[in-house]
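Colleague: I have some naming questions about this model. Can we take them one at a time?

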Amino acid sequence: MIEATRLTKTYGDRRAVDEVTFTVQPGRVTGFLGPNGAGKSTTMRMILGLDAPTGGTVTVNGRPYRQHRAPLRQVGALLDAKAVHPGRTGRNHLLALAATHGIPARRVDEVLELTGLASAARRRAGSYSLGMGQRLGVAAALLGDPQTVILDEPVNGLDPEGVLWVRRLTRTLAEQGRTVFLSSHLMSEMAQTADHLIVIGRGRLIADAPIAEVIAGAGARTLVRAERQHLLMELLAEAGATLERGEDDELLVSGMEPREIAVAAHSAGLLIYELTPQRASLEEAYLELTKNDVEYQSLALAGKGN
Amino acid sequence: MTTTTRSDGATASARRDGSAVTFARVVRSEAVKLRTLPSTYILLAGSIAAMVAVGALAAGGLVLASRDGHPAADAAIRAVPTAGLSFGQLLLGALAVLLISSEFGTGSIRPTLTAAPRRLGVLAAKALVAALLGAVTGAAAALATHLLVQPILAEENLDYRLDGQADWWALLATGLYLALVAVLAVALGTLLRNSAGAIVAVIGLLFVLPTALSMIPGETAADILRYLPSEAGNQLMATEIGDGELRPWEGGLVMAGWTLTALVAAAVGFRRRDV
């Protein structure tokens, strides 16, 4: 379990992470989404005690990371696949990490096997492809058999087989009751892996909800085609729906269920000849979310002008 | 995957016992890192080779001078094993700098501090490993030089045996000196976080600065020179103390003072700054 409370990090005037509060629960995969520069990596570094928060707190399994006596047993993390000395072999890199906890070489070979890196284990890390580097990073994260696993962009650079492997691995870890916190810029990947989403933009928390809710919340629209469209539009606008014109005679309605739309049209004697519920993809939902954040900012400015 | 899961469950509790991070384990981890990099061996070999080679040249010089009718002073003969120290220390210093600066350079400092979050412990472990490496390298190189130059010195009957306490002390003091150099280098690497910058700083402080100061005439330059780490530290190995020179223990303390100051500054910075 990871608990961040009003977590803040400022660099000079810039607030990279701005009073973010969230909880990452065990037993499920929590996705961490946000545009570049949104503060994802900074947040992850603060979770691991690498960067000190300017304000607020963050704990892992009930304690600040630095206070754990055997941190690799509690948390396994992959932050940057390239953060390995290129002159050292992958196996020796893991042996050095393992030595800090008295983890036996047997376990090192075990995680090398598990990550499919056994055959390259005695090659220098400098000769690894990005995908192999990611596997080494995952191997390091699993070394201490931790309760909480934090992976920053784990599928970056992986081939399709590797992507599938990470998906299965994270699912398995969550099913074992572990806390899995995963960042990715690949929405489609996140849609297939995560149960829960935490979205940040410009250092602020935008969403913290089950993935289905995020998709439903942002994208529940209904495509309507009707005769005498302008009359229907007045009617639906009065009922509080948000309307948007699509291509040709298409009308996109949000804020009303398809049945409510049909009832309204029926009571006014209007003919509807298409009524299609549209489910947004996670990608659309995500863009919608971050767009809303931006709109909120400019609206606030406009309000001041009036 | 299922196999692994099962073995995880079966041995997890057993493995959790006694798995806390201890200072001894962090030291072991640092030792693993040191001996698993090719650059370690290259720089170590270079450091020892520089000391032995310069020692051999110095011995050859004494032999030639003696043939020309300039008999070598005893102190000069006994300084042969440490004649190459000013070069050897730079390569060893570079190696010690890299112990920490390469971690910043490659980003591996993050996995390191994720595994061992107590930063002062990590810095202390690196300093200890560097000190041991310096001590062994210094003493071994001085002893090797001593043994290798005896046949050269023997040509003019200048050879000598390690029989006095002072002879043995000079060998051990070489180790002590290089240990202090190594810790100073680790501190500079921690402060500057950049391999090239920190190596330049080590060379500047131990080599360029004393060379430059020794060229400036006058009392002030000489006074400053005396208290620079390399000049003060070299008094550890001195077999004869000239007028106004620091005694071995005084020189050692001055050098240790430099090292300790740098190490404390490094510790404060390392603990406070983000990585």
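Colleague: How much area do chain A and chain B bury between them, and what makes it "buried"?

Modeller: They bury about 3,500 Å², 57% of it on carbon and sulfur atoms. Buried area is the accessible area (1.4 Å probe) that two parts lose on being put together, summed over both, so the value covers both chains. A:Leu50, A:Arg66 and A:Thr100 supply 18% of what chain A buries against chain B, more than any other three residues. The model is predicted: local features need pLDDT of at least 70, side-chain atom pairs need 80 or more, and totals for chains, interfaces and linings use all residues. Residues count from 1 along each chain as written, chains are lettered from A and ligands numbered from 1 in written order, and side-chain values use heavy atoms, without hydrogens and water.

Colleague: Which residues count as being in contact?

Modeller: Those with heavy atoms within 4.5 Å. Chain A gives 41 residues and chain B gives 37.

Colleague: Why is the meeting of B:Asp274 and A:Lys9 called a salt bridge?

Modeller: The term needs a side-chain nitrogen of Lys or Arg within 4 Å of a carboxyl oxygen of Asp or Glu. Here N to O is 2.6 Å, so the pair qualifies. The count between the two chains is 1.

Colleague: What makes β11(A) and β12(A) a pair?

Modeller: Pairing needs at least two DSSP bridges, and these strands have 4, so they pair. The sense is antiparallel. They form a hairpin with 5 residues between them. In the turn, A:Asp248 has a positive phi of about 50°.
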